[in-house]
Amino acid sequence: FVIIYSFSGGFRADVFSDLVQFFVMCISVFLVIVFSVKNFGGIGFLKSKLPIDYFSLTGGEPFSLTLIWGFIALSTLVDPSFYQRCFAANSNRTAKLGIYISTLIWFCFDICTTLGGMYAKAVIGSAESSKAYLYYAIQILPDGLRGFFLAGILATILSTMDSFLLIAASTISYDLFANKDKSKTSDLVKSSHISLFFVGIICVLIGYAFDG
């Protein structure tokens, strides 16, 4: 499905789909917090159910571990999609403004997911940590919104998949295809389409090879 709409619409389809997925993702994690506060209460409930370390700056973990995760987060700055979006902007000002807004939204999104994880620990502490947030959200949300949340989970996968498929295909078609006249748009589009299917097939094969 991702290959089909990336094939037909290219970068424009990728941006439009990411826009839709963005709203679904952000609204879904925010709804988890809204219903958590409504059903159980706010920070007071969490403090009564969770260890005090959960409310420290490092979450009870060594500062060195927090620093490492900070550097992992900075990998965004060398992410190929980061550069693609910046180069696609119509001006340096637009790119900078987009980075500032994205950072603010990223900050708020992470607060919601962290709080959701804390509620999951407080309510269903026996659940496996890697799945607790998902289980908790499915339990706390009513019918309809539960499906919307699952769509948000799917959106996080699709938004990553379509961006990286498009970037990989563009890289292969523009940088690696030999003896191509890059001034001819038709040649670039054709080679990009071929590369898109090639990368998609490779991804599926790798997915099956590394099961789990």
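Is Arg 146 buried, exposed or partly exposed? Arg 146 is partly exposed, with a relative accessible area of 26%. Here buried means under 20% relative accessible area, exposed over 50%, and partly exposed in between (1.4 Å probe, protein chains only). The model is predicted; local features need pLDDT of at least 70, side-chain atom pairs count only at pLDDT 80 or more, and totals for chains, interfaces and linings use all residues. Residues are numbered from 1 along each chain as its sequence is written, and side-chain values use heavy atoms, with hydrogens and water left out.

Salt bridges were examined across the whole structure, and three were found. A salt bridge is a side-chain nitrogen of Lys or Arg within 4 Å of a carboxyl oxygen of Asp or Glu. Arg 146 pairs with Asp 143 at 2.5 Å, N to O. Asp 143 is exposed, at 63% relative accessible area.

Asp 14, Asp 18 and Arg 85 are linked in a network of salt bridges. The closest N and O atoms of Asp 14 and Arg 85 are 3.1 Å apart. Asp 14 lies in helix 1 and Arg 85 in helix 4 (residues 80-88), so this pair ties together parts 71 residues apart in sequence. Helices are DSSP runs (H or I, at least four residues), numbered from the N terminus. For Asp 18 and Arg 85, the closest N and O atoms are 2.6 Å apart. Asp 14 is buried, at 0% relative accessible area. Asp 18 counts as buried at 16%, while Arg 85 is partly exposed at 29%.

Helix 1 (residues 2-40) also meets helix 6 (residues 129-140). Their axes, lines fitted to C-alpha atoms over the stretch in contact, come within 10 Å and cross at roughly 65 degrees. Angles run from 0 to 180 degrees between N-to-C directions. Contact means heavy atoms within 4.5 Å. Helix 1 contributes Val 29, Val 32, Phe 35, Ser 36, Asn 39 and Phe 40, and helix 6 contributes Tyr 133, Tyr 136, Ala 137 and Ile 140.

The largest nonpolar core has 24 residues. Such a core is a set of buried Ala, Val, Leu, Ile, Met, Phe, Trp, Tyr and Cys residues joined through side-chain atoms within 4.5 Å. Val 32, Leu 46, Tyr 136, Leu 141 and Phe 149 have the most contacts inside it. A second, separate core of nine residues includes Leu 158, Leu 165, Ala 169 and Leu 196.

Key:
Helices (H or I, at least four residues) and strands (E, at least two) are DSSP runs, numbered from the N terminus.
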